[in-house]
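Hi,

Here is the structure I promised to pass on.

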Amino acid sequence: MLPVRQIGEETTVEKTDTTADPRALPPPPSWPLPFVDPRVDPAAVGATAWPPSPGVAGPWPPPSDAGGPGGPGGPGGVARDEPPHLPPPDPVVEPDRRALVVLVAIGVAIDLMLRTSVYGVAAVVAVTVIALGLAFSGRLANRWAQGAALAALPFGVFLVLRTSPWLVALDLSVIGSLFVLAAIFASGGALLDVRGLELARRVGNASIGVVLAPSFVFAAVVAALPVFAPGRRERRVAIARGVGLALPALVVLGMLLASSDAVFASLFRVPLEVDSIAANALLLLLGLWVAGTLLRAASAPAPTALAELRKPFGSIEARVVLGGLIVLYGVFAATQVATARGGAEYVITTANLTRAEYARSGFFQLLAVAVLTLVLLVAIKSMARVEDERRARRSFVIMSEVTVVLTLVIVAVAILRINLYDEAYGITMLRLFSLVAAWWLGAVFGLVGLALALIGRGKHWLLGAVLISALVAVLALNALDPESLVVRHNADRFEAKTLADRGADFDVSYAATLSDDAVPALAAALPRLDEQRQRAVVAQLCGRVPRRVGEPPPGLPEPRGGWIWNRSAVEAQLVRQEICT
């Protein structure tokens, strides 16, 4: 602002000297609010705010690259009509040619697996390509992420050794979870030092990649193309991202419109002879979508550390809750002692229940109690302030350990219930998996007991340890071959009860519903069965149509070569040929 001085009839304009005190000028009216960039050290630009408000220390105008003092083009000054130019940070590492190669390889591998079989050589190839592609994509900078990606390989190997739907579904779930863990821990973090809230936030951030995966794939394709004119690459990548963002919305909206109008839907009908091509193209796009989701999540920066939240409860509230659990579970444990000594026979008989029905009616309820107790203990540990006072901490640890021990008693009772049910009716896959889940839950309570004892204080290792224990349990199940184990156990039980003349049964109809994993064990159990059950087992093995491993979906070409090879299916076929001919 220039002051004007009136002298008689003449008006003279006197310029104020701005070199003496540059802050004498008020801030320009076009910028009523100061701009503070949190990414820049104030000392780097010579001011705490740009432009400064009245009373705020700092040079005005701030320095720039060239020109006179305080003016555009001046030495140490910048233009007064714009803030310092800083490029916005890109939250995702840009895709490059290596990313494109990994995307294409994963997409083709997933397409091959879906066109052939999820338990065969193609499945092993797909898991291997995804694991190695993530590990060597240059985006897994964290050893935990690389280890999670490579840990999926053993589970992939079992896809060519087993055909049990129980195991295949479990293995695929574990493999997918490991790949997600590899992607969300790609830029930092440790599985044995992560809180549940932080893990949930990482998974939530990665889930956004499901929608943005097409934009990442299109950007990778455009980034790999040669560019002869400078500045064109950024424009092409931006256009490709826009196409990728629009594609999912257009597909969903187009499907809704096609389902609402037959004339509009006829525009998208393809001739019958190219159905297989269209199906293959859709499966390939699905594989590229999965690959884009994983790579985009692996390209995101590590999330900022969460601040420690104030715990809302104290040690008194925690000890009251633990005391209630101790009393309740103590009474239950006393009743189980009475049941074990025969004192509950009157209750069971008057309720018109058999021992097996009594066992079946309580197993899943007991597991539910154990799971809810586990959640409650973890919540108490996370929300109660018990480290402030030594005496309160000691009583909290003692009461927590007593609660864990009593809960282990409940888990043990659940295991005894399923064993009682097995004694009456034999074992099935559901009962076997329930038994394994109960044993694993007991191991988890052991880990919780260590965490509540404040072992490893300062590290959030419990969640990671639980996940690792689950991986070990699934590996053990694969190694045990559970369907063969069920057949062998039921055959041993039948033989033992027959010798003791206690009236045994071997459920041939249930054994016939098992997969090819159980066929060799069924053939080996034939000599231990009576003649009637032997004929029934042979009729079931030879009368049913063998499971066709790798049967393609309708409209897809017949798979050829060794992509559908599975060891269990081959062994089952050889056993059938030996028995039925």
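Which helix is the place of Val-575? That would be helix H20, which covers residues 567–580. Before I go further, please keep in mind that this is a predicted model.

Back to Val-575, then. With a relative accessible area of 15%, Val-575 falls under the 20% cut-off and therefore counts as buried. Leaving out residues up to four places away in sequence, Val-575 touches Val-519, Pro-520 and Ala-523. For one of these, Val-519, I also have a C-alpha separation from Val-575: 7.2 Å, although the two sit 56 residues apart along the chain.

Now the overall picture. The protein has 581 residues, and 38% of them count as buried. Its secondary structure comes to 20 helices and four strands. Taking contacts between residues at least 6 apart in sequence, 72% join residues that are at least 24 apart. The accessible surface is about 32,300 Å², and carbon and sulfur atoms account for 67% of that.

Next, a helix pair. H5 (residues 165–184) packs against H14 (residues 429–452) with an angle of about 40° between them, and their axes are 11 Å apart. That angle makes H5 oblique to H14. Which residues meet there? From H5 we have Trp-166, Leu-167 and Leu-170, and from H14 the partners are Met-429, Leu-430 and Phe-433. By class, the contact of H5 with H14 has six nonpolar residues, with no polar and no charged ones.

H14 also holds Arg-431. Is Arg-431 buried or exposed? Its relative accessibility is 18%, which is under 20%, so Arg-431 counts as buried. Setting aside neighbours within four places in sequence, Arg-431 is in contact with Ile-418, Tyr-421, Tyr-425 and Gly-426.

On to H15, residues 462–480. This helix has 19 residues and reaches 27 Å from its first C-alpha to its last, close to the 27 Å expected at 1.5 Å a residue. The buried residues of H15 are Leu-462, Gly-464, Ala-465, Val-466, Ser-469, Val-474, Leu-477 and Asn-478.

What follows H15? It is Asp-481, and its phi is positive, near 55°. Most residues other than glycine have a negative phi. Asp-481 is not a glycine, yet its phi is a positive value. Asp-481 is found in the loop between H15 and helix H16 (482–499). Asp-481 is also buried, with a relative accessible area of 15%.

How much relative accessibility does Gly-287 have? The value is 0%, so Gly-287 counts as buried. Not counting residues up to four places away in sequence, Gly-287 touches Ile-106, Gly-107 and Ile-110. From Gly-287 to Ile-110, the C-alpha atoms are 5.1 Å apart in space, while the two residues are 177 apart in sequence.

That's what I have for now.

Cheers

Terms used:
Residues numbered from 1 in each chain as written. Predicted model: local features only at pLDDT ≥ 70, side-chain atom pairs only at ≥ 80, totals over all residues. Heavy atoms only, no water. Axes fitted to C-alpha atoms, helices over the stretch in contact; angles between N-to-C directions. Helix = DSSP H or I, 4+ residues; strand = E, 2+ residues; numbered from the N terminus. Parallel < 35°, antiparallel > 145°, perpendicular 65-115°, else oblique. Contact = heavy atoms within 4.5 Å. Nonpolar A, V, L, I, M, F, W, Y, C, P; charged D, E, K, R; others polar. Buried < 20%, exposed > 50% of the residue type's maximum accessible area, 1.4 Å probe, protein only. Areas by Shrake-Rupley, 256 points an atom, 1.4 Å probe, with all protein chains shown as cover. Expected span 1.5 Å × (residues − 1).
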